[in-house]
Amino acid sequence: MNDTRDYGAKRDFRDTPEPRGGEGAESRSHDRPRFVVQEHDASSHHFDFRLEVDGVLRSWAVPKGPSTDPREKRLALPTEDHPLEYADFEGVIPKDEYGAGAVIIWDRGSYRSPAGDVEDENEGAGEAPDIAAALDDGHATVWLDGEKLRGGYALTRITGGEREGQRWLLVKMDDEKADARRNPVSTEPRSVKSGKTLEELEQDEGG
Ligand code: MN
């Protein structure tokens, strides 16, 4: 069940600049579902990988960030569904608030089904892959059309239980966009929204 009640319950919107969600400002206005990767300098630094699924952003915290090397398996820990508006959020979450620390939009774009390329062309760009069912089954593949991340990625659940206790792996699929040498997490650190690094955003907006 996707919903953003946990998201709302964890935050005090009088104090955090994060979007409350549900304001209708950024409801489904794009032809294809979106993805975003936010770099987050929280108590432990990580990258938040989020996919638009059924009106929310399904989310995983990826401690090492996504790789472009198919041999690199990146641990991905599910977090609460976020509202779609969160895909545009970049800023500093104040000290003492949930997730305190700076957030930049490290990458963003749209995604589609890797297997459905021909089908997508026939049906037009509005068709979203049935990602929800695949995620419920614990294995989903998506083709990312981002600025830094491109090509197929597989998300695979490796332990069960409640969503936020599960462990998943995020792995680049071995396709023409795979590149073992790129390592964009370290070589392409700037926000695709503001052009700032996490440190620059912290300096400009931090308290
Ligand atoms: Mn985070």
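1. Basis. The model is predicted, with local features requiring pLDDT of at least 70 and side-chain atom pairs pLDDT 80 or more, while totals for chains, interfaces and linings use all residues. Residues are numbered from 1 along each chain as its sequence is written, and side-chain values use heavy atoms, with hydrogens and water left out.

2. Metal site. H40 (ND1), H46 (NE2) and D48 (OD) coordinate the manganese ion at 2.1 to 2.3 Å; donors are N, O and S atoms within 2.8 Å of the metal (3.2 Å for Na, K and Ca), and sites may look incomplete because water is not among the atoms. The spacing of these donor residues in sequence is H-x5-H-x1-D. D48 has a relative accessible area of 5% and is therefore buried, the term meaning under 20% relative accessible area (1.4 Å probe, protein chains only). H46, at 13%, also counts as buried.

3. Largest pocket. The largest pocket holds about 300 Å³ of space. On a 1 Å grid over the protein atoms alone, a pocket is an open set of points where a 1.4 Å probe fits, with protein on both sides within 12 Å along at least five of seven lines; lining residues have an atom within 4 Å of a point. Grid points are joined across faces, edges and corners, and the volume is the space filled by probe spheres set on the points. Of the 19 lining residues, H40, H46, D48, T79 and Y98 lie nearest the centre. Strand β4 gives the most to this lining, with four residues.

4. Aromatic pairs. The model contains six aromatic pairs, counted where ring centres of Phe, Tyr and Trp (its six-membered ring) lie within 6.5 Å; planes over 60 degrees apart are edge-to-face, under 30 stacked and the rest tilted. F47 and W106 form an edge-to-face pair, 5.6 Å centre to centre with 80 degrees between the planes. F47 lies in strand β2 (residues 46–53) and W106 in strand β6 (residues 101–112), so this pair ties together parts 59 residues apart in sequence; strands are DSSP runs (E, at least two residues), numbered from the N terminus. Both F47 and W106 are buried.

5. A second pair. W60 and W168 are likewise edge-to-face, at 5.6 Å and 70 degrees. W60 belongs to strand β3 (residues 56–62) and W168 to strand β9 (residues 167–172), so the pair ties together parts 108 residues apart in sequence.

Methods:
Buried < 20%, exposed > 50% of the residue type's maximum accessible area, 1.4 Å probe, protein only.
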